[in-house]
Amino acid sequence: MFSLEGITDAIYSWLNSTFNPTIALLIEFAIVVVCVIGLFAVLGLVLVFMERKVSAYMQIRLGPNRVGFKGSMQTMADTLKLVLKEGLVPDGADKFLFNLAPFVVMIVAMLILAPIPFARNFQMWDINIGVLYVTAVSSLSVIGILMAGWSSNNKYSLLGAMRSGAQIVSYELSAGLAVLSIVVLTGSLQLSDIVNSQQDGWWIFKGHIPAIISFVIFIIAVTAETNRAPFDLAEAESELTAGFHTEYSGMRFALFFLAEYVNIFIVCSIGAILFLGGWMPFHIGNWEAFNHVMDFIPSSVWFFGKVFFLIFLIMWFRWTFPRLRIDQLLNLEWKYLLPISMFNLLLMTLMAIMGWYF
Amino acid sequence: MFIVDYIKEVYGAVKSLLTGMNRTGYYFTHHKEIITQEYPDNKDTLVLSERFRGEVVMKHDENNEHACTGCTACELACPNATIKIITKFDVTPEGKKKKAIDTFVYHLELCTMCNLCVEACPTGAITMAQTFEHSVTDRSKLIKKLNQPGSKIREGVE
């Protein structure tokens, strides 16, 4: 049976038997870096294509359908175009910050990838404070966005960046509380522990209604955190042209674009790990035969399936709901999401203490 | 009660959002609803909507006769001087002079397809056609003469 664990084990033992441990470790680092960059490139191509197709079908259109099979090479062609374009730096821009910003956004996205378990025993860095690490690092991306907005020397960019800051600071709270409610149930911040605790059922089923409420709050909050419609005030094509990346062109713009999609992937994989059981197969109680069939599907397929389901959900939001005004956005967070998630966390704690979950 | 209103508001919001998602989800799964026309490929089966306005044309019948009296109502109605009517005087068999059109000049490059000229026409001589492939290599080709050569006004149209 196919498993990523087998591949990594084979590579590890071969490297250690061929080279001395230090060089083997360095080579492993290099392999991991190449894999991460490869994953980013593939994700960028696949998710942009998926977004365009999903949006097209939801708006009763056809979407890209000329380049390659059913338009599947469209994003490749777009990337080629972006690579060939000139990267302009506007006059009066803060050159250093302007050039640094896209890389900050990108590197933050790369950092969050570290503790995510992609499959059974397939994880870069299994730290015992994985959840804390992810929530802490994910709020760093706002620095990159503020940098881009400030250094562009453009009022729209600055406005977009400020909005983005306000938005991320607000929504981080309810996202954090939604994540905490699962941590309360699991009793561990380690992502692999959280996945293992869902062996006999995913938290969204085991945790009854409070888990579903915190799942909904989590999805709303991460949609806002990744600056996507209906919370795309930071970009707001119709108001701010493109917000913080108005002045970017060529490959720097592509990096921002890529970071947006990679961030979606990351928050969706966090959601999948916390609520939908990560790479755990779908099991129903005592149905032995059914459970065995489900076990036969590789764990990586389960993980990516769940993640792409959540990504589809977020795209569905984007192409259905109209954009919120800034006051509505902050109302939603401070008057609705935050009180509800606090109450929900209390309820969850009570459930955890009394053992009212499966 | 505050808390009842609060819960009602949340319920209403969730319900309306789900209604919207139901609609887009329906479109996502029902591809037969797609309205995109793959234009150059489906030139033969292209369906244009009934009220599409492509250009102004003058209707001529089989005897090469039109209904334009040269009253210049369309020229006056046009907001951006797209139409220019050059009149002449025909002599009727009784020896009376009668105003008639010599040339109906239509500047397609200026036309916004607002339909005001068609509505202004008292005799229904002009109408909007559905042709839309107007691109040419020279701007002067867009200045059109709408009355066909040798055409004359239909009997009985005043």
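Predicted model: local features only at pLDDT ≥ 70, side-chain atom pairs only at ≥ 80, totals over all residues.
Local features are reported at pLDDT of at least 70 and side-chain atom pairs only at pLDDT 80 or more, while totals for chains, interfaces and linings use all residues. Residues are numbered from 1 along each chain as its sequence is written, and chains are lettered from A and ligands numbered from 1 in the order in which they are written.

Me: Why is chain A called as compact as a globular protein of its length?
Reply: The radius of gyration is taken over C-alpha atoms, and the globule rule is 2.2 Å times the number of residues to the power 0.38. For 358 residues the rule gives 21 Å, and chain A has 21 Å, so chain A is as compact as a globular protein of that length. Its C-alpha atoms fill a box of roughly 65 × 60 × 45 Å along the principal axes.

Me: What does the rule give for chain B, and what radius of gyration does chain B have?
Reply: A compact globule of 158 residues would be near 15 Å, whereas chain B has 26 Å. The box filled by the C-alpha atoms of chain B is roughly 90 × 45 × 30 Å, taken along the principal axes.

Me: What secondary structure do the chains hold?
Reply: Helices (H or I, at least four residues) and strands (E, at least two) are DSSP runs, numbered from the N terminus. On that basis chain A has 15 helices and 0 strands, and chain B has 3 helices and 7 strands. The order along chain B is α-β-β-α-β-β-α-β-β-β.

Me: What makes β3 and β6 of chain B edge strands?
Reply: Two strands pair if DSSP finds at least two bridges between them. The open sheet has 3 strands in the order β3-β4-β6 of chain B, with antiparallel pairing. β3 (83-91) and β6 (143-145) of chain B each have a single partner strand, so one side of each is left without a neighbour in the sheet.

Me: How do you know that β3 and β4 of chain B are paired?
Reply: Antiparallel β3(B) and β4 (residues 97-107) of chain B are joined by 9 bridges, and the definition asks for at least two.

Me: Why is A:Ile60 called partly exposed?
Reply: A residue is buried if 20 or more other C-beta atoms, placed from the backbone, lie within 10 Å of its own, exposed if 12 or fewer, and partly exposed in between. A:Ile60 has 16 C-beta neighbours inside 10 Å and therefore counts as partly exposed. A:Ile60 lies in the loop between α2 (21-58) and α3 (74-84) of chain A and has a positive phi of about 55° although it is not a glycine.

Me: What makes B:Asn64 partly exposed?
Reply: B:Asn64 is partly exposed because 13 other C-beta atoms lie within 10 Å. B:Asn64 sits in the loop between β1 (55-58) and β2 (65-66) of chain B, with a positive phi of about 60° although it is not a glycine.

Me: What makes a set of residues a nonpolar core, and which members touch the most others in the largest one?
Reply: A nonpolar core consists of buried Ala, Val, Leu, Ile, Met, Phe, Trp, Tyr and Cys residues joined through C-beta atoms within 7 Å. The largest has 83 residues, of which A:Phe218, A:Ala221 and A:Phe265 touch the most other members. Helix α12 (residues 250-275) of chain A gives the largest share, 17 residues.
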